[in-house]
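Please keep the view open beside you and look up each place as it comes along.

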Amino acid sequence: MPDARQRAYLEAMGIPLWERRGVAGAVIAEEQGANPLEDPSSSNEPLLPQAPMAGQEAESAPGGPEAAPPLLTAEPRDMDWDGLQQAVTSCRQCSLCDSRTQTVFGVGDRSARLMLIGEAPGADEDRLGEPFVGRAGQLLTAMLAAIGFAREQVYIANVLKCRPPGNRDPHVDEVAACRAYLDRQIELIQPRLILSLGGVSAKNLLDTDEGVGRLRKRLHHYAATGTPLRVTYHPAFLLRRPEEKAKAWADLQQVWSDLQGSAPA
Ligand code: URA
């Protein structure tokens, strides 16, 4: 049975709970089968967005027009975490470096079983240097908690490390410039499963124009690393379309199920 904290998260997600008639005290989420909330690994860690990790991007002023782009002395695929983080912090591989406040590298457990990949930093993330810290991030944190994960137990990153101005969709050249960083993060983490958040993330990770509504129905693999990958709705979309939250909840249950026992094929 979900405890009070998990019930609060389900309610925050807009997933209705009801008392099953005739079964004293049994509370189940609507449209669900087995209840992943009973996962004993469920954590009591605080779930509010965290401050930027120590050693993560400090404030970095955008380079002026006269600043020469630093040359990458090593390929991201050869970098360790420190080298990769430094390379991202000082990256000038595309024009987003001119408008960003700071890069948004990624956050969480670097040996996580579950890696979540969103689209790109928004205004809050650009300001704070951490992915998914705005309203969508709060919903994402609640969604994770509902399947027993604290933010600190997963790794969260984006396809892009810099905010596109006005939150426009990423351009092809920007995704290409950032791809090696993301690939190296995936290689270093070796997650058992990637959860792609939203259409822009899925389109770029899977190189497809298929919509989330179809992609979420089957297991995929990220081509560069062979990592099993699932797709669900972006939390910002769920904030606009709360009636779709039940589908996202079903997707999260599938993720929880995938992570039990052996890795999904
Ligand atoms: N949306 C995203 O895709 N990523 C973030 O980090 C924040 C909002």
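**Notes for a first look**

1. Let us begin with the ligand, which sits in the largest pocket. Please keep in mind throughout that this is a predicted model. Which residues surround the ligand? They are G118, E119, A120, E125, P131, F132, N158 and H234.

2. A polar backbone atom of F132 is 2.9 Å from an oxygen atom of the ligand. In the side chain of N158, an N or O atom lies 2.8 Å from a nitrogen atom of the ligand. H234 brings a polar side-chain atom to 2.8 Å from a ligand oxygen atom. On its own the ligand would expose 230 Å², and the protein buries 90% of that.

3. You will find F132 in the loop between helix 3 (123–128) and helix 4 (135–146). Its phi is positive, about 50 degrees, although F132 is not a glycine. Is F132 buried or exposed? With a relative accessible area of 6%, F132 is buried, because buried means under 20%.

4. Now step back to the whole chain. The protein chain has nine helices and eight strands. Of its 265 residues, 49% count as buried. The chain exposes about 12,400 Å², and carbon and sulfur atoms supply 51% of that area. Among contacts with a separation of 6 or more, 74% are between residues 24 or more positions apart.

5. Why can helix 6 be called largely enclosed by the rest of the structure? Because six of its eight residues are buried. Those buried residues are V200, S201, A202, N204, L205 and L206.

6. S196 lies in strand 6 and counts as buried, at 0% relative accessibility. Leaving aside residues up to four places away in sequence, S196 touches I117, S201, A202, L205, L229, R230, V231 and T232. Among these partners, S201, A202 and L205 also belong to the buried residues of helix 6.

7. D207 lies in the loop between helix 6 and helix 7. Is D207 buried or exposed? It counts as exposed, because its relative accessibility is 72% and the cut-off for exposed is over 50%.

8. Helix 5 (residues 172–189) holds Q185. Q185 is buried, with a relative accessible area of 0%. Which residues does Q185 touch, not counting those up to four places away in sequence? They are W81, L84, F105, G106, M115, Y155, A157 and K161. With Y155 there is also a polar contact, made between the two side chains at 3.3 Å.

9. E174 is found in helix 5 too. With a relative accessible area of 2%, E174 is buried. Its contacts, again without residues up to four places away in sequence, are C94, S95, L96, L160 and R168. The side chains of E174 and R168 are joined by a polar contact of 2.7 Å. K161 makes a handy distance check: its C-alpha atom is separated from that of E174 by 9.6 Å, and the two residues are 13 apart along the chain.

10. To close, two places are worth a return visit. One is F132, where a positive phi of about 50 degrees goes with a backbone atom 2.9 Å from a ligand oxygen atom.

How values were computed
Residues numbered from 1 in each chain as written. Predicted model: local features only at pLDDT ≥ 70, side-chain atom pairs only at ≥ 80, totals over all residues. Heavy atoms only, no water. Helix = DSSP H or I, 4+ residues; strand = E, 2+ residues; numbered from the N terminus. Buried < 20%, exposed > 50% of the residue type's maximum accessible area, 1.4 Å probe, protein only. Polar contact = N/O pair within 3.5 Å; in protein donor to acceptor, adjacent residues only side chain to side chain. Contact = heavy atoms within 4.5 Å. Near = heavy atom within 4 Å. Areas by Shrake-Rupley, 256 points an atom, 1.4 Å probe, with all protein chains shown as cover. 1 Å grid on protein atoms, 1.4 Å probe; cavity = no way out; pocket = protein on both sides within 12 Å on 5 of 7 lines; lining within 4 Å. Sits in = over half its atoms within 2 Å of the grid points.
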